[in-house]
Amino acid sequence: MSWLRLALANLRLSPLTSAVNVLLMALGTASIVLLLLVGTQLSDTMSKNARGVDLVLGAQGSPVQLVLATVYHADAAPGNIALADARPWMEDRRVDQAIPMSLGDSYTGFRIVGTLPEFADLYAANLADGRWWSDSLEAVIGAAVADATGLGVGDTFESAHGLVEGGHQHADEDYRITGVLERTGTVADRLILTSLESIWAVHGSGHQNHEHEEKHDDDHQDHDEHDHDDDDRHDGEHADDHDDHDEHDHDEEHADNHEDHDGHEHDEHDHDKEHADEHDENHAKHDDDHEDHDGHDHGDDGEHDDEHAADHDDHDAQHADDHEDHDGHDHGDDDEHASGDAAYDINTLRYDEEVTAVLLTFRSPTAAVSLPRQINAGGSVLAASPVTEVTRLLGLIGVGLDGLRTFAWLLIISAGLSIFAALYGSLRSRRGDIAMLRCLGATRSEVLVALLLEGLLLTALGVVLGFLAGHVTVELLGAWLESARGVSFTGVIWLSAETWLLLSLLIVGIIAALVPAVQAYRTDVAKTLAEAP
Amino acid sequence: MTAITVEQLRFGYTDKPIVDIETFRLEQGQSVAAIGPSGCGKTSFLHLLAGLLRPDSGEIALLGQSLAALSDTELDRFRGGNLGIVLQQFRLLRGLSVIDNLRLAGKLSRCTIAPERYQHLLKRLDIAAVADHKPSELSQGQAQRAAIARALVHKPSIVMADEPTSALDDRNAQEVIELLNSAVTDEGAALLVVTHDQRIRGTLDTDFDLGAIA
C-alpha cells in the first residue's frame, strides 16, 4: 500500500469532482500547449522560409504583402517591376546574391515561380530526382507538389493563370518536369520552379523575346563572321551589328556601350585579344571596356576575327536562352544544380523584362542599415526586409496569441482553484480519516505529503491529458493545414519550453493542494476524534 | 514487562483537570476495562496513553518508554509500531478495501508484515469473505471486526479500544469483548478498553474505575 495508491483511492471517492478538476486542468494545459507549439513553429517556419533573404525588391505597395507574396507565397504580389530598375541594386557591391523571381501562374493551386536555380539554395532544397531545367518550359517541382499531384520527372502539366485554382489555362504551353526537390519543410516544398524565360514565354512577351533572342544570336553570328580586314568596313559592319543588337532586348546600357563601341576609331585599336577579353567580361563592364578599347590596336585583323567570333559565341552561350553550354553539363542524378554556372550569371539576365521581385542577400549585415533606405528613397522599387516585416507580422499575431495565452492561463488558474476547493472540501469530510492515519502511526509530514500528492495527482492527470490533447490537436491541425494551406505544423515535437510549462503546471497543483495539506498537517487528532462523526 | 505505567497524571482544558490519576499500571498480556460515565475523561485518558495528547503534568511510560521524552514524530512512529487502536466509529478508510486498510496499517507501523499475516487475521476474525469489500459494503459487525484486525496487524504490544460496545446490544457487546480479548491475548498483547458500558465490568482481567477519580 503506497501513498500514491491511497491518494488515488481518495480521489476515487469523489469521481465526478475529480473528473471535472482533471478536465479543467486538461483544457487549460491543452490550450497553452497548442498556443506554444503553433506560435513557436509559426515563428520558426517564417524564419526558416526567410532564411537567406535579406531584402526583397518589388513593386510599390505594402511591404508586408510583398514579403508574404514572394518569401512565404501566402499572398498575391503587389505587381511587377522592371528588372532594369532593380539592376543597380542587384549589382551593388553590398549585395552578395540577387535572385529575380516572377509569379502569376499556378498548377492546381501550387505556385509556379520563374527564377534562377539559385532560388532553391535559399531553402537548402536539393534535387531528389532528375535534373534542373535547361530549357524554357521545363520545371522542377517541390516534394509536396509531387506528393499532391502525383507528377514526376518526365510528366507534363498545363499551367493556369493566377495563384489559385480555377484560373484560365495556358493552353499549348505545357511544362515538362525535369526534377523533383527533396522535402525541406519550407515553402519550397509547395512550389513549382522554372526559368524566368518560361514565365515570360507563357505570358506572351517571351514569344517576342524568343524572336529577339534568336535575332540576337543571329546578330552575333553575323558579328562573328564579319570581315575585320577592312577597317572601314569593319567599323561599318560592326556598327550595323551593334545597331541591330540595340534593337533587341538588350539593356540600354549595353546598347549604349555598343553604340560607343561603334563610334570609336578602330584604326587606332589593337582589336585582337584585348577585344576578346572585353567580350568575355560581363555587360556591366562595357563602359570600362570601351575606355580600354580606345587604346586597342586592330592591326591584326585575322586574329581579331577569330577572337571576336569566339567572344560572341561565349556571349551567346551566356545569354539566358542559349543553353547549349548549359546542356553540356551533367545534370544527371546528383543534387547539384546550376548555381554558379555562368549561364545564370545575373549579368546575362534580360533586363528589359519585368519580374515580380528580386530577392537580395547582403554581403555583410551592415548593408541592412543603409541599403533599404537608399532603395526606397529612389522610389522606382520598394525594398522590404523579411525580418522586419515578419517581426511586425508576428507582433500583430503575438497580440492575439498573448490574449489566448492569458485566457489559457486563466483556465489553469481556475483549475487550480477548483482543485483547491475540492481538496479543501474533501478534507472537511475526511478529517476523521486524517486523524485515523495519525493514530495508525502516520507523522504530520506524511499526512502533508499525502494531501499534496492528491493535488499533484489531479494536476498531473489533467496536465498529461492536456499535453496529449494539445499535441494531437496540433498534429491534426498540421495535417489539415498542410493539405489546405501548405503550412507545416507537427505535434510530434517536444519544445524545451514545454518542460518548463510542465513544471509550472505541477507547481500550480502543489500550490492548490498546499492549504488543504497544511490544514491536514495541523489536524488536532484528539479533538478531531472526539468531535468528528 | 509493564505495558503501561502512569504516575500523577493531570490533564484538562480548563483549570479543573478532567484526567487526574495518581497511578495506573497494566502488565503485558493483561487486560483492563477503564470504566466511567460520560464526560469523566475516558477518551482523554486513552488519548493521553496513546500519545495523541500531551499531559499537563505527570508521567506516562509505555513498554518502559517515557512518552514525554519523545518528539511528536518519534511519538507517531512509536504509536504506529507498538500500539493498536480501535475507535468507536471504527474509522476504516472509505476509499480502501478491508485488506488495503490492513495493509495501510502494516505500512504505517513500519514493521515487516508477511502476506500470510493478513490472511490469518481475516480468517481469525471471520472477515476473509469481505476482504476486498469497501467499508461502505460491510455490516456493522464486519466493520468492527475489520477495525480490530487492523489494530492487530503489526502484532502490537498494547491494544487500546475506545467504547467498542457502546452501540451494540448485549449479545453483540459480549461477542465483541470476547473477540477483542481473545484476539489480543492470543497475540500476547496488553488490552485497555475505556468505556462507559457497565456491561463490560468484570469481563476483562481487571476493572479500573475512572469515574471515581474524575
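Leaving aside neighbours within four places in sequence, which residues is B:Met160 in contact with? The legends below take up this and other close-ups of a predicted model.

**Conventions.** Residues are numbered from 1 along each chain as its sequence is written, chains are lettered from A and ligands numbered from 1 in the order in which they are written. Because this is a predicted model, local features need pLDDT of at least 70 and side-chain atom pairs count only at pLDDT 80 or more, while totals for chains, interfaces and linings use all residues.

**Figure 1. Surroundings of B:Met160.** Apart from neighbours within four places in sequence, B:Met160 is in contact with B:Leu46, B:Leu49, B:Ala50, B:Leu83, B:Ile85 and B:Leu192. Contact means that the C-beta atoms of two residues, placed from the backbone, lie within 7 Å. B:Met160 is also among the residues with the most contacts inside the largest nonpolar core. Apart from it lies another core, of 73 residues, among them A:Val71, A:Val358, A:Leu359 and A:Ala384. A nonpolar core is a set of buried Ala, Val, Leu, Ile, Met, Phe, Trp, Tyr and Cys residues joined through C-beta atoms within 7 Å. Buried means 20 or more other C-beta atoms within 10 Å of the residue's own; exposed means 12 or fewer, and partly exposed lies in between, with C-beta atoms placed from the backbone.

**Figure 2. The open parallel sheet of chain B.** Five strands line up in the order 6-7-8-3-9. Strands (E, at least two residues) and helices (H or I, at least four) are DSSP runs, numbered from the N terminus. Two strands pair if DSSP finds at least two bridges between them. Strand 6 (83-86) and strand 9 (206-209) of chain B stand at the edges; each has a single partner strand, so one side of each is left without a neighbour in the sheet. The twist averages 20° from one strand to the next. Axes here are lines fitted to C-alpha atoms, for helices over the stretch in contact, and angles run from 0 to 180 degrees between N-to-C directions. Strand 7 (residues 158-162) and strand 8 (residues 190-195) of chain B run parallel, joined by five bridges. B:Met160 stands opposite B:Leu192 in strand 8 of chain B.

Figure 3. Five bridges join strand 1 (residues 2-11) to strand 4 (residues 57-62) of chain B, and the two run antiparallel. Strands 4 and 5 of chain B form a hairpin with two residues between them. In the turn, B:Leu63 has a positive phi of about 55°.

**Figure 4. B:Tyr118 in helix 4 of chain B.** The helix spans residues 115-124. B:Tyr118 is buried, with 21 other C-beta atoms within 10 Å. Beyond neighbours within four places in sequence, B:Tyr118 is in contact with B:Ile99, B:Leu102, B:Arg103 and B:Val153. B:Ile99 and B:Tyr118 are 19 residues apart in sequence, and 7.2 Å apart in space, C-alpha to C-alpha.

**Figure 5. A:Asp189 in a loop of chain A.** The loop lies between strand 8 (169-181) and strand 9 (191-195) of chain A. A:Asp189 is buried, with 24 other C-beta atoms within 10 Å. Not counting residues up to four places away in sequence, A:Asp189 touches A:Gly142, A:Ala143, A:Ala144, A:Arg183 and A:Thr184. A:Ile141 is 48 residues from A:Asp189 in sequence, and 7.7 Å away in space, C-alpha to C-alpha.

**Figure 6. Where chain B touches chain A.** The contact takes 27 residues from chain B and 21 residues from chain A. On the chain B side, the elements that give two or more residues are helix 1 (42-49), helix 2 (72-82) and helix 3 (98-109) of chain B. The model scores ipTM 0.92 and pTM 0.67.
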